[in-house]
Amino acid sequence: MSNSAPEARRLHLDGATLLRQLKELGEIGADSEVGGRTRIALTDDEKAGRDLVASWMRELELEVVVDRIGNLFGILRSEADDGTEAPLMMGSHIDSVTNAGALDGCYGVLAGLAVARAYREAGIAPSRSIMVGAFTNEEGIRYQPDMMGSLVYAGGLSVDEALNTIGTDGTRLGDELARIGYAGDLEPGAIVPHEYLELHIEQGPILEAEGIQLGVVKNLQGISWQQVTIQGNANHAGTTPTHLRHDAGFVAASIVTFLRELARDSGGTTLATVGCLSVQPNVINVIPRRATLTVDLRDPDEERLTLAEQRFAEFLEKVAQREGVNISTERLARFEPVVFDSCLVDCIEASANGYGFTNRRMTSGAGHDAQMIARIAPSAMIFVPSKGGISHNPREHTDDVQLVMGAEVLLNVVLNRLGQAQA
Ligand code: HGY
Ligand code: MN
Ligand code: MN
């Protein structure tokens, strides 16, 4: 395969295959009742998704490697690569939340394969090896923290600690990884990327609301996850006067209300979500003795995020005292805000401008694998609009023409970075 770009064979982004693969992968774990699909990390459905993506990597004759935390990679080597070259990496994840859309994560992985396919079909070797990754457990639904596979890859969590993580279902991550056959032997992080690009749907309302075609992601907000357990007293709903209650359910509800006020008082920069909430014994005529809930706090500014955590901790102390309950917290994840590589961000902006696509610099509200890989290599992201700003929902949607446009820009940025831009 020659390096020079033979006239007749320009690199071409095969949008039809990208859209077909997104659809096919989106059918794995499909949930006919609620709609959408569920491919929670390391479940049989996610394994099926992994197998399909690996088969597409093999179809492209990429070198398929799996590391010890199950990160799945396809490598298209440059002619000069003797196995030690730092590759240009692209990627994202294919695990999903429950009743998810078809694009979150999958779009970035399959667009990376579309870039490799463009090289393959033009019979041209990249001037630098290209590595496309599907990182393990980005969503963190079953095993916390989220972005786990890329966090391990970036050296932020030891492999053994990650493998010993116990899930919300009581399973050990390492056992499940072995069970689905993705306990690889590559040491995570053994191949340090030269740079990292992640194409993703925005998952928010900004691009659509402003009528802008592309997001040039310059930074990503900080994330704080914790589990809160409230221990009160079960008692009879009909005989226990209100002032004698130690009602874990009431305290849980006051936490939800406090967090909404905390977010509102921040002027919109801090976001707070109680995504999981359960009370025990959860019967109609018993005052809840126990409540467990999760708290997701986010802010692009580290100081404000820390302040939000402190204010929340103070509130917990006060409400425990007032209601005579015991409250314990467990930290599940904590990632500081990340600023992406300015040179890569400029390159993405220049590419979008080159195509005449409207674009704007923006912050990512969601967490992404790019925020972890940014610890070990210059990284940046490209967003395409989400219809109605909806994501983590079966109604997640981006128009085909926008999906292909984003992938064109990804290919163009790669060609520019590899000095193989086409006239
Ligand atoms: O939580 C997040 O922002 C990401 O979807 N894991
Ligand atoms: Mn994602
Ligand atoms: Mn997600």
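**Pocket and ligand**

Author: α1 (15-26) and α12 (400-417) each contribute at least two residues to the lining of the second largest pocket. Helices here are DSSP runs of H or I, at least four residues, numbered from the N terminus. This is a predicted model, in which local features need pLDDT of at least 70, side-chain atom pairs count only at pLDDT 80 or more, and totals for chains, interfaces and linings use all residues. Residues are numbered from 1 along each chain as its sequence is written, chains are lettered from A and ligands numbered from 1 in the order in which they are written, and side-chain values use heavy atoms, with hydrogens and water left out.

Reader: Which helix gives the most to that lining?

Author: α1, with 4 residues.

Reader: OK, the ligand. What surrounds ligand 1?

Author: Glu138, Glu139, Asp146, Met147, Trp225, Arg298, Ala366, Gly367 and His392, where near means a heavy atom within 4 Å.

Reader: How does that shell divide by class?

Author: Into 3 nonpolar, 2 polar and 4 charged residues. Ala, Val, Leu, Ile, Met, Phe, Trp, Tyr, Cys and Pro count as nonpolar, Asp, Glu, Lys and Arg as charged, and the others, Gly among them, as polar.

Reader: Which polar side-chain atoms lie by an oxygen atom of ligand 1?

Author: One belongs to Arg298, at 2.7 Å. For Glu139, a side-chain N or O atom is 3.0 Å from a ligand 1 oxygen, and for His392 the distance is 3.4 Å. A polar contact is a pair of N or O atoms within 3.5 Å.

Technical notes: A polar contact is a pair of N or O atoms within 3.5 Å; within protein, one must be able to donate a hydrogen and the other to accept it, and residues adjacent in sequence count only if both atoms are side-chain atoms.
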